[in-house]
Amino acid sequence: MCIEETFIMIKPDGIQRGLLGKIISRFEEKGLKLIALKMMDIDENLAKEHYSEHIGKPFYERLIEFITSGPVVAGVLKGEKAINIVRKLVGATSPDNAEPGTIRGDFTINTAFNIIHASDSSGTAKKEIDLFFQKNEIFTYDLALEQWLGSK
Ligand code: CMP
């Protein structure tokens, strides 16, 4: 089994539009385990560190301004192949490519305001989890299904 942890962040527009519960529900309903969750403001330093790969792109300045404009909800999801599964549930970055049934496909119409970020690889997942969470903010517990799988 390939158990992975991945980072998600509901962006300021997701909070403003009252979509937090719906978005988190999609991950819970899929069977992913939420092991960390917190509402927070992102300051400019954290925003620049998180989005460092986009420095110099035409949308970079606006992205930093937007992500620091209001509270976000950051979380960590855990499960078998969680990184890829979460990316699929989230959908493509650009709403015109995001399939209906995905979070972005159902709720977004603009690339800049795409309501959620999710790690795109194991490398970025580790970097982003470490950037946003202290060790004591990440929880360890078993779901019933995991106990059953572990006993077989
Ligand atoms: P995210 O998954 O958080 O990763 C980088 C973000 O940059 C992306 O979601 C979008 O919010 C934003 N972004 C990427 N491409 C564009 C674009 N062409 N125009 C505006 N914003 C973009």
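User: OK, which pocket does the ligand sit in?

Analyst: The ligand is in the largest pocket. Keep in mind that this is a predicted model.

User: What surrounds the ligand there?

Analyst: The shell is made of Lys11, Tyr51, His54, Phe59, Leu63, Thr93, Arg104, Thr111, Ala112, Asn114 and His117. Sorted by class, that shell has four nonpolar, five polar and two charged residues.

User: And which atoms of Lys11 and His117 come up to the ligand?

Analyst: In both cases a polar side-chain atom faces a ligand oxygen: the one from Lys11 is 2.7 Å away, and the one from His117 is at 3.0 Å. Thr111 uses its backbone instead, with an N or O atom 3.4 Å from an oxygen atom of the ligand.

User: How much of the ligand's accessible area does the protein cover?

Analyst: On its own the ligand has 450 Å² of accessible area, and the protein covers 78% of that.

User: Back to the pocket itself. What's its volume?

Analyst: The largest pocket comes to about 490 Å³. Its lining has 22 residues, and the ones nearest the centre are Tyr51, His54, Phe59, Thr93 and Asn114. Those five also belong to the shell around the ligand.

User: Which helix gives the most to that lining?

Analyst: Helix 4 does, with three residues. Helix 4 covers 60–67, and at least two lining residues each also come from strand 4 (116–118) and helix 7 (122–132).

User: Switching topic: what can you tell me about the second largest pocket?

Analyst: The second largest pocket holds about 340 Å³ of space. It is lined by 14 residues, with Gly31, Gly79, Glu80, Leu145 and Glu146 nearest its centre.

User: Which elements supply that lining?

Analyst: Strand 3 (72–80) and helix 8 (144–151) each put in at least two residues. By class, the lining of the second largest pocket has seven nonpolar, two polar and five charged residues.

User: Now the backbone. Which non-glycine residues have a positive phi?

Analyst: Lys81 is one of them, with a phi of about 55°. Ile115 is another, also at about 55°.

Conventions: Residues are numbered from 1 along each chain as its sequence is written. This is a predicted model: local features need pLDDT of at least 70, side-chain atom pairs count only at pLDDT 80 or more; totals for chains, interfaces and linings use all residues. Side-chain values use heavy atoms; hydrogens and water are left out. A residue is near a molecule or strand if one of its heavy atoms lies within 4 Å of it. A polar contact is a pair of N or O atoms within 3.5 Å; within protein, one must be able to donate a hydrogen and the other to accept it, and residues adjacent in sequence count only if both atoms are side-chain atoms. Accessible areas come from the Shrake-Rupley method with a 1.4 Å probe; for residues, only the protein chains shown count as cover. On a 1 Å grid over the protein atoms alone, a cavity is a set of points where a 1.4 Å probe fits but cannot get out, and a pocket is an open set with protein on both sides within 12 Å along at least five of seven lines; lining residues have an atom within 4 Å of a point. A molecule sits in a cavity or pocket if more than half of its atoms lie within 2 Å of its grid points. Ala, Val, Leu, Ile, Met, Phe, Trp, Tyr, Cys and Pro count as nonpolar, Asp, Glu, Lys and Arg as charged, and the others, Gly among them, as polar. Grid points are joined across faces, edges and corners, and a volume is the space filled by probe spheres set on the points. Helices (H or I, at least four residues) and strands (E, at least two) are DSSP runs, numbered from the N terminus.
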